[in-house]
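Work through the two exercises below with the model open, and try each task before reading its solution.

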Amino acid sequence: MSDDYLVRIGKLIRDARQHRGWTQAQLADALGTSQSAVNRIERGNQNISLEMIARIGEALDSEIVSLGYAGPMHLRVVGGRRLSGAIDVKTSKNACVALLCASLLNKGRTVLRRVARIEEVYRLLEVLNSIGVRTRWINDGVDLELVPPAELEMDAIDAEAAVRTRSIIMFFGPLLHRMDRFMLPYAGGCDLGTRTIEPHMIALRRFGLDIAATEGQYHAVVDRTVRPDRPIVLTERGDTVTENALLAAARHDGVTVIRNASSNYMVQDLCFFLEALGVRVEGIGTTTLTVHGVPNIDIDVDYSPSEDPVEAMSLVAAAVVTESELTVRRVPIEFLEIELAVLEEMGLDHDRSREYFADNGRTRLVDLTVRPSKLEAPIDKIHPMPFPGLNIDNVPFFAAIAAVAQGQTLIHDWVYDNRAIYLTDLNRLGGRLQLLDPHRVLVEGPTRWRAAEMMCPPALRPAVVVLLAMMAAEGTSVLRNVYVINRGYEDLAERLNSIGAQIEIFRDI
C-alpha cells in the first residue's frame, strides 16, 4: 500500500475518531492496541491491513472501508450554483420506520406505499428478514410488502443490522404481545450523545415488560398478569416513546389512555395505520391518546405514509442558503408552520398553494415557493419544542440559515448532548459559529462560504447542513463518508442535481 494511501486513510481515521469524540487512547483501548500505534496509523506512518481498517470502522461506527465492496461513498460538490424548478418531498423517514415496526402487530399482509429507500429502512428490513418476515419491493420497487411468519425466529436476529439503527427499540411494543421472553441488541443510530431508554421502560412496564441490559443486549421478560389499570403518563413527550406505548396498547385487550403523548407527524401516521388495522385511536393530534386495543390483528392492509416535514425543511434551507427560487411540492404544512413563521420574521419571501390531502387522506399538504431574500437574525433564540413547536430535527437547518442572515442568532439545541457541537463544522466552510456550551451555538452572519474537504458529521441533520453550505460555497468541496446522510435521505445528491446542484458521488478506496 503506497505511502500516499496510508496518509489519506490515516486522515479519514483521525477525522472519524474526532467526530466520535474519542481520544487516541480510547480508540486504542477499543482495538486492543497502543496509543502510539493509533498515532502512527493516523499520521500514515504504519502499514495497516484491511482487517484492521474494518475493525477501526466498526469501533468508530464509521464506514472507513467496506470489505468486498467499492468503499465508502463521498460527495464532490461544485458550489455557488443557483437552484431552480420544483422538487417533491419524499415520504417520511420516521413514519416509515415506525410502520415497519408496527407491521409486527399484524398476522396478515401489510403493504406500505412509496416507502423511503434509505439505509435506515434497509437496516430494519435486514432485521425483519432475519427473524422470518418475508419482505419484497413491488410495483417497480416503489411499494413494500411484508408478510410475517407464524412464529418469529428471534434467535436468528441480525444483530449487526440492529445495532446500526435506534429504531430497533420500537420492536419492544409489538413483541411483548408475541412472546414471553426475547432479546434485542442495543439501539444505535446517530451519534447524538447518551439517550436513555428509561422513558420507554416506564411506559412498557405497565404492560408487564421487564428489561435487563447485559452484554450488549436487552433481555426482555413479559408478565402477562400485569395490565395498565390507570392512564399511562409518559415522563417525556418523545416521539419513539409515544410510538412504543401505542404499539403496546394496540393489541392490549382493553382501553389504554396515554397522556403527555407526542402529537408529531410520525406519531399521527402510526395512529392512522393502527386505525387501518382496526384499532380505534381517539385524540390523534393531541397529547392524550385513548387506544381501544384489538388482541388479535389478522388483516391485509394497504397504507400510504405521508411526506417528511424534515426533508421539506432541508429543501427550503437549500433554497435559502443558495439564494435560489425553488418550489418545494407536497410539504406537510401542519408540521412546518412554526418554522415558516420564524422564517417570515427573518424576512423570507415565499408563498404557498392551497392545501390538499396526502395519500393517507389525513395529512394536509401545500406547495411552497421560496425566493431569494435579505434575511435578518431573529430577535428570539431558535430552540426546539415538542409538536406543535419548532421540530427538534429542524433546528440544525437554522444554523445554515442564520449564517446567511444579518446579525447574531442564538441556537439552543437542548435535547441532544452532542448535536450542537457538530454545527461548528460550518466554520471550516467559512461560517462564524461560536460554541457557548454543548447545547448553545451563537451564529454570526452573513457568511462568505468557502470550499473545503471534510469528514461527514456522524449525525444526520448536521451532515445535511454541511452539504447545503458546500452547495453555497464557491469552488469544489468534498464531503467524505456520507453513509449517515443515506440513512435518512433517498438519492439526495441526484435529486438536488435535478434542480441545479452539481454533486458527484465517488469512492476512492
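**Cavity linings**

The second largest cavity is lined by K90, T91, K93, A116, I118, D308, E311, G488, Y489 and E490. The model is predicted, so that local features need pLDDT of at least 70 and side-chain atom pairs pLDDT 80 or more, while totals for chains, interfaces and linings use all residues. Residues are numbered from 1 along each chain as its sequence is written, and side-chain values use heavy atoms, without hydrogens and water.

**Exercise 1.** Describe the second largest cavity by volume, residue class and domain.

*Solution.* A cavity is a set of points on a 1 Å grid over the protein atoms alone where a 1.4 Å probe fits but cannot get out, and lining residues have an atom within 4 Å of a point. Its volume, the space filled by probe spheres set on the points, is about 30 Å³. By class, the lining divides into three nonpolar, two polar and five charged residues, with Gly counted as polar and Tyr as nonpolar. Finally, domain 2 (73-90 + 307-507) and domain 3 (93-303) each supply at least three residues, the bounds coming from an automatic or database domain assignment.

**Exercise 2.** Locate the largest cavity relative to the domains.

*Solution.* Begin with the lining, which consists of Y265, Q268, D269, F272, S306, E307, P309, P332, F335 and T363, around a volume of about 50 Å³. Next, helix 11 (residues 265-276) gives the largest share, four residues. Because domain 2 and domain 3 both contribute to this lining, the largest cavity lies between them.

Methods. On a 1 Å grid over the protein atoms alone, a cavity is a set of points where a 1.4 Å probe fits but cannot get out, and a pocket is an open set with protein on both sides within 12 Å along at least five of seven lines; lining residues have an atom within 4 Å of a point. Helices (H or I, at least four residues) and strands (E, at least two) are DSSP runs, numbered from the N terminus.
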